[in-house]
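This briefing goes through one protein chain by topic. The overall build comes before the individual residues.

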Amino acid sequence: RHFDGSATMSSMAEMLDQLMGSERDLLPEQRTGRKAQYDDPDVCKYYLCGLDVNMFKNTRSNDDLQRHISPEDFAKIQSDDLRADFNALSSPERAKSGYEM
C-alpha cells in the first residue's frame, strides 16, 4: 500500500488552520487579525446551511456526496460560530446570500 504523505500533510494543515487560524504561519506584524466571516470564500456554505459534508466520511454515502460536491468544499472552514452568525440573520438577509436552507 502506497503512503501519500502530501495528502496527510494537507489535511493536517487544514486542521491547524481551523484550530489556530489561517494566519498561523505569519509573523505577528504581518497578521491582519481579521476574523472569518460567513460569506468568505473559504467557509463551507453547506455547513452554514446545516450539512456537514465530512459527516459521511468512510461510508457508502460519501461516494454519492462526492459526485455532487466539489473536493475543494470538503476542505473549507466549518465553524459553529459562523453558522450561528449566519442563522442570526433575518430571512431576507439570508436570502440575499444565495445559500439555500
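From the N terminus on, the elements of the chain run α-α-α-α-α. The model is predicted, and its chain has 5 helices and 0 strands. A search of the whole structure finds 0 disulfides, while the number of salt bridges is 1.

**Chain as a whole**

- Of the 101 residues in the chain, 21% count as buried.
- The accessible surface of the chain is about 7,800 Å², and carbon and sulfur atoms account for 52% of that area.
- Among contacts between residues at least 6 apart in sequence, 55% join residues that are at least 24 apart.

- Cysteine 44 takes part in no disulfide, and the nearest cysteine sulfur, in cysteine 49, is 8.9 Å away.
- Cysteine 44 counts as buried because its relative accessibility is 1%.
- Cysteine 49 has a relative accessibility of 23%, so this residue counts as partly exposed.
- The limits applied here are under 20% for buried and over 50% for exposed, with partly exposed in between.

- Aspartate 73 is located in the loop between H3 and H4.
- With a relative accessible area of 14%, aspartate 73 is classed as buried.
- Which side chain meets that of aspartate 73 in a salt bridge? The partner is lysine 76, with an N to O distance of 3.3 Å.
- The pair qualifies because the distance of 3.3 Å is within the 4 Å limit for a salt bridge.
- Side chains of opposite charge can pair when their charged atoms come close.
- Lysine 76 counts as partly exposed because its relative accessibility is 22%, whereas aspartate 73, at 14%, counts as buried.
- Leaving aside residues up to four places away in sequence, aspartate 73 touches Cys44, Tyr46 and Val53.
- Cys44, one of these contacts of aspartate 73, is the buried cysteine at 1% relative accessibility.
- Proline 41 is 32 residues from aspartate 73 along the chain, and the C-alpha atoms of the two are separated by 10.0 Å.

**Serine 79**

- Serine 79 sits in the loop between helix H3 (60–68) and helix H4 (80–87).
- The loop between H3 and H4 also holds aspartate 73.
- Is serine 79 buried or exposed? Serine 79 is buried, because its relative accessible area is 18%.
- The side chain of serine 79 reaches the backbone nitrogen of aspartate 81 at a distance of 3.2 Å.

**Nonpolar surface patch**

- Leu16, Leu19 and Met20 make a nonpolar surface patch of about 320 Å².
- Leucine 16, one of the patch residues, belongs to helix H1, which covers residues 5–20.
- Leucine 16 has a relative accessibility of 32% and therefore counts as partly exposed.

Conventions
Residues are numbered from 1 along each chain as its sequence is written. This is a predicted model: local features need pLDDT of at least 70, side-chain atom pairs count only at pLDDT 80 or more; totals for chains, interfaces and linings use all residues. Side-chain values use heavy atoms; hydrogens and water are left out. Patches are made of residues with over 30% relative accessible area and no salt bridge: like charges are joined within 9 Å, nonpolar side chains (Val, Leu, Ile, Met, Phe, Trp, Tyr) within 5 Å. Accessible areas come from the Shrake-Rupley method with a 1.4 Å probe; for residues, only the protein chains shown count as cover. Helices (H or I, at least four residues) and strands (E, at least two) are DSSP runs, numbered from the N terminus. Buried means under 20% relative accessible area, exposed over 50%, partly exposed in between (1.4 Å probe, protein chains only). A disulfide is a pair of cysteine sulfur atoms within 2.5 Å. A polar contact is a pair of N or O atoms within 3.5 Å; within protein, one must be able to donate a hydrogen and the other to accept it, and residues adjacent in sequence count only if both atoms are side-chain atoms. Contact means heavy atoms within 4.5 Å.
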